[in-house]
Amino acid sequence: FTGFVAARQHMQMIDTIGAEIVESIEEAHTATHIIVTDGATKFRRTPKLMVCICKSPNIIKLEWLEQSAKEQRVLDTAPYLLVGDKEAEKHYSFSMKETIQNGIQVRETTGGVLGGLYVYICSGVAGNDAPSTKELNLIIEAAGGKVLSSLATCKLLDPAKTIVLTSDPSTSSQLREPGVRNILKLGGKTMKTSWLFHVIITQCINPVIELD
């Protein structure tokens, strides 16, 4: 569950169908079914959702669990996918149908939408209208990216595949951090957190970063 609080009866339904609940964001990458709305609560792009959406195509409504419990078996998710939520899709500028399709494809080809990329998170990014450092790391890793703790001493195989993640807007101090200017000279790119969140929610990199 993410984006709303599950009722006790829904927790019991999970037991009924023989499933297990994943509560912590640290374990979110293991979730196979992600229930994102109870029908009354609006869809939210939570850190937990951003981890899960990188790993599973089953982004579903609570109705799936209710009907599965009613039939006492795990139902196919296709009729219960959260597609066509016009308000959410307009707010976050994405199409859930396309996101699900994109996610399946990138997991098969590169191991995730950030597969093959290195990401350095500048100081002041986490918590500044953004998830915590731990949450950002988990999101990037779930997407197949490798988080760099430093640019100053890191010997990169290909700087052109390196993203320097800044806050939105970026600050001059972030661009002056050790190693940043050198990486940019060698072909690295600076991207803002808004870019990262859009990449995750769409499961598509734009602008495209070549991996070959």
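1. The crossing of helices α1 and α3 is left-handed, meaning that the near helix is turned anticlockwise from the far one by less than a right angle. This is a predicted model, in which local features need pLDDT of at least 70 and side-chain atom pairs count only at pLDDT 80 or more, while totals for chains, interfaces and linings use all residues. Residues are numbered from 1 along each chain as its sequence is written, and side-chain values use heavy atoms, with hydrogens and water left out.

2. Helix α1 covers residues 8-16 and helix α3 residues 62-71, and the two pack at an angle of about 55 degrees with their axes 9 Å apart. The pair is therefore oblique, the class left over once angles under 35 degrees (roughly parallel), over 145 (roughly antiparallel) and 65 to 115 (roughly perpendicular) are taken out.

3. The contact (heavy atoms within 4.5 Å) is made by H10, M13, I14 and T16 of α1 together with L62, L65, E66 and A69 of α3. By class, five of these residues are nonpolar, two polar and one charged.

4. S93 lies in the loop between α4 (86-92) and α5 (96-109), and, leaving aside residues up to four places away in sequence, S93 touches H198 and T202. The C-alpha atoms of S93 and G18 are separated by 36 Å, the two residues being 75 apart along the chain.

5. The structure holds zero disulfides, a disulfide being a pair of cysteine sulfur atoms within 2.5 Å. For C52 the closest cysteine sulfur is that of C54, at 9.1 Å, which is too far for a bond. C52 is buried (under 20% relative accessible area), with a value of 3%, and C122 is buried with a relative accessible area of 3%.

Conventions
Axes fitted to C-alpha atoms, helices over the stretch in contact; angles between N-to-C directions. Helix = DSSP H or I, 4+ residues; strand = E, 2+ residues; numbered from the N terminus. Nonpolar A, V, L, I, M, F, W, Y, C, P; charged D, E, K, R; others polar. Buried < 20%, exposed > 50% of the residue type's maximum accessible area, 1.4 Å probe, protein only.
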